[in-house]
Amino acid sequence: LLLESLLAAKAGSAPQNGIARIRALIEADCLREHDFSALAQAEGLSFPHFRRLWRQAVGQPPERFRSGLRIALACRLLVEGATPVAEIARATGFPDPLHFARRFRQLVGEPPSTYRERYRLALPTGG
């Protein structure tokens, strides 16, 4: 009985380990267009099962998670440099600057240019 319960516990954690590995991969390279179906299959999971486990573990679909990482990168780029917003949109994986601005506003609560003005002023100036 002890062996059966240990095997069951180990089998139950295997999909969670796969989710953790996929999450780490996305966090390490959020600009890449990951094929979530292929990643799931590599972990021995069907895509629907993967999405279900992912949502349980992360709280949002994998595409939205990746988008959030890209927006976080965009936030940093907006306040650290003078790169035009359209170029930041492309650099963070949004081929359409309007889509980027819409998604940015949904997640951050204000347009990218407003975000840049607000938080760039808060940065200490060197000199």
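The quantity pLDDT is the predictor's confidence in each residue, on a scale from 0 to 100. The structure described here is a predicted model, and the protein chain has an average pLDDT of 87. A score of at least 70 is reached by 83% of the residues. Where pLDDT is low, the predicted coordinates should not be read in detail.

Two packed helices are described by the angle between their axes and the distance between the axes. For helix α3 (residues 47-58) and helix α4 (residues 62-80), the axes come within 9 Å and cross at roughly 50°. Helices α3 and α4 are therefore oblique to each other. On the α3 side, the contact is made by F47, F50, R51, W54 and V58, and on the α4 side by P62, E63 and F65. Sorted by class, the contact of α3 with α4 contains six nonpolar residues, two charged residues and no polar residues.

Helix α4 also packs with helix α6 (residues 97-108), the two axes coming within 10 Å and crossing at roughly 95°. This angle lies between 65 and 115 degrees, so α4 and α6 are roughly perpendicular to each other. In this contact, R64, S67, G68, I71, A74, C75 and L78 of α4 meet F100, R103, F104, L107 and V108 of α6. By class, the contact of α4 with α6 has eight nonpolar, two polar and two charged residues.

Methods. Residues are numbered from 1 along each chain as its sequence is written. This is a predicted model: local features need pLDDT of at least 70, side-chain atom pairs count only at pLDDT 80 or more; totals for chains, interfaces and linings use all residues. Side-chain values use heavy atoms; hydrogens and water are left out. Axes are lines fitted to C-alpha atoms, for helices over the stretch in contact, and angles run from 0 to 180 degrees between N-to-C directions. Helices (H or I, at least four residues) and strands (E, at least two) are DSSP runs, numbered from the N terminus. Angles under 35 degrees count as roughly parallel, over 145 as roughly antiparallel, 65 to 115 as roughly perpendicular and the rest as oblique. Contact means heavy atoms within 4.5 Å. Ala, Val, Leu, Ile, Met, Phe, Trp, Tyr, Cys and Pro count as nonpolar, Asp, Glu, Lys and Arg as charged, and the others, Gly among them, as polar.
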